[in-house]
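Let us walk through this model by way of its aromatic rings, then its backbone.

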Amino acid sequence: MKPLQELTRPNILALAPYSSARDEYSGHEAHVFLDANECPYNAPLNRYPDPLQRELKELVARQKGVPADNIFLGNGSDEAIDLLYRCFCQPGADNVVAIEPTYGMYRVCADINDVEYRPVLLDDQFQLHADALLAACDDHTKLIWICSPNNPTGNSMQRDEVLRVIDAFQGIVVLDEAYSDFSRQRPFRSELAQHPNLVVLNTMSKAWASAAIRLGMAFASADIIAIFNKVKYPYNVNLLTQQQAMQRLKDTQDVERWLQLVLQERSRLMEAFRQLPICQQVYPTDANFFLARVSDAQAVYDYLVHQGIIVRNRTRVQLCHNCLRITVGTRSENAELLGALRQY
């Protein structure tokens with residue numbers, strides 16, 4: 001890869017980050033806090049949270065097998081996505097390359113940050129080809145976005161093709177593994193030391209059943225994490241989120257049980273969906289959802305809405321004409337969906 005100094009926006013390299021009250025005494029014990037203009041009442045909610053989430057990062061490090069210095073925590077994965085643009089992409093000059101179809105926030109954040117977005121279509125099996133992604137790059141391409149397992153297609157990208165992209169690209173490869181807990185494929189976060197240009201995204205929203213607390217993770221080299229910490233808002237992860245995340249990470253038995261239930265229901269639901277008269281194809285998946293091609297996606301979607309059942313209509317997404325994305329619910333929720341569709 002190019003030196004990180006060349007990839008980083010010059011104004012970010014020169015940035016003097018905001019120094020919060022909690023940063024300045026770091027490393028010392030304290031019990032009287034008269035530094036941050038906080039109200040002295042209503043503990044513990046009266047105090048600003050740890051701006052670097054140190055205790056929480058230690059728990060994440062043990063769970064994910066990644067050193068704490070290689071972890072960034074944010075307000076959902078979307079914060080890390082936006083930070084990648086703000087740290088490395090010069091507005092109006094640089095560009096990014098992404099697989100297509102994929103998670104829509106990569107393009108939205110590109111548009112917000114005035115960065116050219118170059119989509120590269122997957123093949124008819126929803127697989128990427130390294131040569132096609134690399135051919136779309138030029139000297140101003142700073143990021144390549146790969147989601148695996150992918151959203152909305154559900155499949156994992158072929159590992160050898162992903163490695164070819166990482167090894168050949170001179171910029172930063174962002175691998176979004178939000179759904180990796182549902183897949184048998186080995187996650188890339190364990191290979192950060194071999195790939196200094198790799199950023200791996202993860203989240204508490206999916207397998208960890210904690211979408212409401214909005215906690216996203218980015219795993220990368222310590223140098224990239226340091227740039228993130230320089231640019232992020234001082235207290236980007238609130239105390240309530242940190243507490244809920246630590247509670248969940250300390251008690252993983254429920255998560256493991258939920259994961260097995262979802263995988264069992266996924267197999268059952270997909271097989272039942274294949275038998276529906278409206279179903280034309282159910283695509284393989286490594287996520288907690290699947291993509292299915294139906295006879296008329298808009299009509300089926302509208303019918304389900306009237307039944308009080310909400311799925312995702314992806315028919316306007318490239319390569320996904322007449323496709324619905326179905327999230328795996330509880331057994332009773334899945335049964336209600338199938339029951340409604342059998343009467344369609």
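A search of the whole structure turns up 9 aromatic pairs. Rings of Phe, Tyr and Trp (its six-membered ring) pair if their centres lie within 6.5 Å; planes under 30 degrees apart are stacked, over 60 edge-to-face, and the rest tilted. One of the pairs joins tyrosine 48 and tyrosine 235: their ring centres are 4.6 Å apart and their planes meet at 10°, so the pair is stacked. Tyrosine 48 lies in the loop between helix H3 (21-24) and helix H4 (54-64), and tyrosine 235 in the loop between helix H9 (222-231) and helix H10 (239-250), so the pair ties together parts that are 187 residues apart in sequence. Helices (H or I, at least four residues) and strands (E, at least two) are DSSP runs, numbered from the N terminus.

The model is predicted: local features need pLDDT of at least 70, side-chain atom pairs count only at pLDDT 80 or more, and totals for chains, interfaces and linings use all residues. Residues are numbered from 1 along each chain as its sequence is written, and side-chain values use heavy atoms, leaving out hydrogens and water.

How accessible is tyrosine 48? Its relative accessibility is 39%, so tyrosine 48 is partly exposed. Tyrosine 235 is partly exposed too, at 23%. Here buried means under 20% relative accessible area, exposed over 50%, and partly exposed in between (1.4 Å probe, protein chains only).

Now turn to phenylalanine 273 and phenylalanine 290. This pair is edge-to-face, with 5.4 Å from centre to centre and 75° between the planes. Phenylalanine 273 belongs to helix H11 (residues 253-274) and phenylalanine 290 to strand E9 (residues 289-294), so the pair ties together parts that are 17 residues apart in sequence. Both phenylalanine 273 and phenylalanine 290 are buried.

Elsewhere, ring pairs link Tyr85, Tyr103, Tyr106 and Trp145 into a cluster.

Charges meet rings as well. The charged end of arginine 159 sits over the ring of phenylalanine 188, 4.0 Å from its centre. A charge sits over a ring if NZ of Lys or CZ of Arg is within 6 Å of the ring centre and within 35 degrees of the ring normal.

Last, the backbone. Alanine 43 and proline 44 are joined by a cis peptide bond, with omega about 0°. Proline 44 lies in the loop between H3 and H4. Glutamine 53 is placed in the loop between H3 and H4. Its phi is near 50°, a positive value in a residue other than glycine. At 1% relative accessibility, glutamine 53 is buried.
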